[in-house]
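Subject: Structure for you to look at

Hello,

Here is the structure I promised you. Please open it and keep it on screen while you read my notes.

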Amino acid sequence: RRSHTASLQQIAYATHDTVRETLDVLAAVEEAVGLAAQDETLLSKLPNERPLDPLLALVAADTRPRVRVVVWRLLGMLSSLLGGAAVRQMALELPALLARDLRTICELGADQRAADSEQLAYASLLLTCCVQADADDGASPLFRELSEQVLPDVGSLLAALLEQLERGSVAASDAIDGDAVDGAVLQCILAIHAKLPRQPLESSSVDECDNATLGALLAAESSLRFTQQVLALFNSPQLDAASFEACTLFLRDLVLHPVACHLFYSNDKAVLIDVLLRHLNNVDEASPLRQPLLEVLVGLARNCELVALDHKLDEIVAVLRWHADEAPVAAHRALAADILVCYFADM
C-alpha cells in the first residue's frame, strides 16, 4: 500500500519515532503483505520496481531489536512472494547487516531472550536466502563465492553460529521452538559453507584448503551437537534441493579433511553410510550431485577406516560397480572405478 510505503520512508529518516509508532506501521505493512500472498492481483499495486527500498532504508537506519525482527520477517515474506529481482536486491545489500546482527545475538550467550531468538531465526533464514540467490538468468548463482565485500569476516561469523548451535537456542515463541531456531542457524552455516573453497579431493594435507567452516569446527570446544544435526538434516525426507546440495558439500569436505573427519564417531559414520547409500540409489542418474556423493565415499575410505568399520561393504561395492559400469556420466564412472581399485581391490 502506498500510504504504508510513505510512512516507512518517513520513519527510515526519523530517529525520533517511538518503537510503538514504528511497529504499528510495520504491522499494517505485514497485514498488507499477508493479503497480497492470498491475492496476486494486489502485487500489481506495489509502488515501483523496487518495492523493498523503504524496508531496506529502514533496516539500515533503525537498529532497535524489536523493529529489526519485524523487518527481517517482512523481508523474508516478500522474498518468498516476489522472488527474482527482489531476492537479488536483498542479496546485494543485506548480508553484511545480517551478519552483524547474527554476531551480536550470538554474543549474548546465555542472556538471550525469546525476542533475540526470534531475530536470530529470521536473520539466519534471510541470510541463507541471500547467499543462495540466483543471478538474472535464474539458472546460475548470484554468488559463486563469498568475497569480503559481500560477507565480511566470514570466519568469525561461522564460529559464532557454531557456538550458538552447541549452546542451543531458546524458544522464540509458542510457534517457533528452540529446535526450529537451531535449524535455521544450521541451514545458514551450510549455505555459507557451500560458497567457500572445497577441500581438495586428492590431498591428505591439513594445510591445502583454507575453509572457514572446517577451521571454525576444529577450533571449537565442542561440535557434537552440530555434527548430529547435520546428519539428521542429511537424513531428512523433507530436504529441499538447495539444502541437500549444501549438506552434501559440507559432508564431502568434512570427511576429506584428514583431521576434521574424526569429528564423527563410529556410530555417526554408520548412519552416514546408510543415508549416503540411500541418496546414491535415489538421486537422478545424471545428477551433478553424484560427484560429491561419491567423493564422500573417497573421504570415508581414505580417512575414516571405511573398510575396517565393516558396515554395509557389500552394498557399497555394488553401488560403486554400478557407477563404474553403467553410470551415464563419464566422470562418475571414472571416479567409481578409481575408488574400487584403490580401496576395494580385494572384494
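First, a word on naming: helices (H or I, at least four residues) and strands (E, at least two) are DSSP runs, numbered from the N terminus. By that naming, K312 sits in the loop between α15 (306–309) and α16.

Two points on where this comes from. This is a predicted model, in which local features need pLDDT of at least 70 and side-chain atom pairs count only at pLDDT 80 or more, while totals for chains, interfaces and linings use all residues. Residues are numbered from 1 along each chain as its sequence is written, and side-chain values use heavy atoms, with hydrogens and water left out.

K312 counts as partly exposed, because its relative accessibility is 35%. Here are the cut-offs: buried means under 20% relative accessible area, exposed means over 50%, and partly exposed lies in between (1.4 Å probe, protein chains only).

D153 also has a positive phi, of about 50 degrees, although D153 is not a glycine. Look for D153 in the loop between α7 (114–131) and α8 (154–167). With a relative accessible area of 42%, D153 is partly exposed.

Aromatic pairs

How many aromatic pairs does the structure hold? There are 2. A pair of aromatic rings is described by the distance of the centres and the angle of the planes. Rings of Phe, Tyr and Trp (its six-membered ring) pair if their centres lie within 6.5 Å; planes under 30 degrees apart count as stacked, over 60 as edge-to-face and the rest as tilted.

Take F226 and F250. Their ring centres are 5.3 Å apart and their planes stand at 85 degrees, so this pair is edge-to-face. F226 belongs to helix α11 (residues 224–234) and F250 to helix α12 (residues 241–256), so the pair ties together parts that are 24 residues apart in sequence. F226 is buried, at 0% relative accessibility. F250 is buried too, at 1%.

Now take F234 and F244. This aromatic pair is stacked, with 6.2 Å from centre to centre and 25 degrees between the planes. F234 is in helix α11 and F244 in helix α12, so the pair ties together parts that are 10 residues apart in sequence. F234 is buried, with a relative accessible area of 1%. F244 counts as buried at 12%.

L190 and its contacts

Move to L190, in helix α9 (residues 178–193). L190 is buried, at 1% relative accessibility. Which residues does L190 contact, leaving aside neighbours within four places in sequence? They are L233, A246, C247 and F250. Contact means heavy atoms within 4.5 Å. L190 and L249 are 59 residues apart along the chain, and their C-alpha atoms are separated by 8.5 Å.

Two packed helices

Two packed helices are described by the angle between their axes and the distance between the axes. Helix α13 (residues 266–282) and helix α16 (residues 313–326) have axes that come within 11 Å and cross at roughly 30 degrees. Axes are lines fitted to C-alpha atoms, for helices over the stretch in contact, and angles run from 0 to 180 degrees between N-to-C directions. α13 and α16 are therefore roughly parallel to each other. For that term, angles under 35 degrees count as roughly parallel, over 145 as roughly antiparallel, 65 to 115 as roughly perpendicular and the rest as oblique.

On the α13 side, the contact is made by I273, L277, L280 and N281; on the α16 side, by E315, I316, V319 and H323.

More places to check

In helix α5 (residues 84–93), the buried residues are A86, V87, R88, Q89, M90 and A91. Their cover includes α3 (53–61), α4 (65–82), α6 (95–106) and α7.

S117 is part of helix α7. S117 is buried, with a relative accessible area of 0%. Not counting residues up to four places away in sequence, S117 touches S169, V170, A171, A172 and V181.

Is E221 buried or exposed? At 88% relative accessibility, E221 counts as exposed. E221 lies in the loop between α10 (212–219) and α11.

Best wishes
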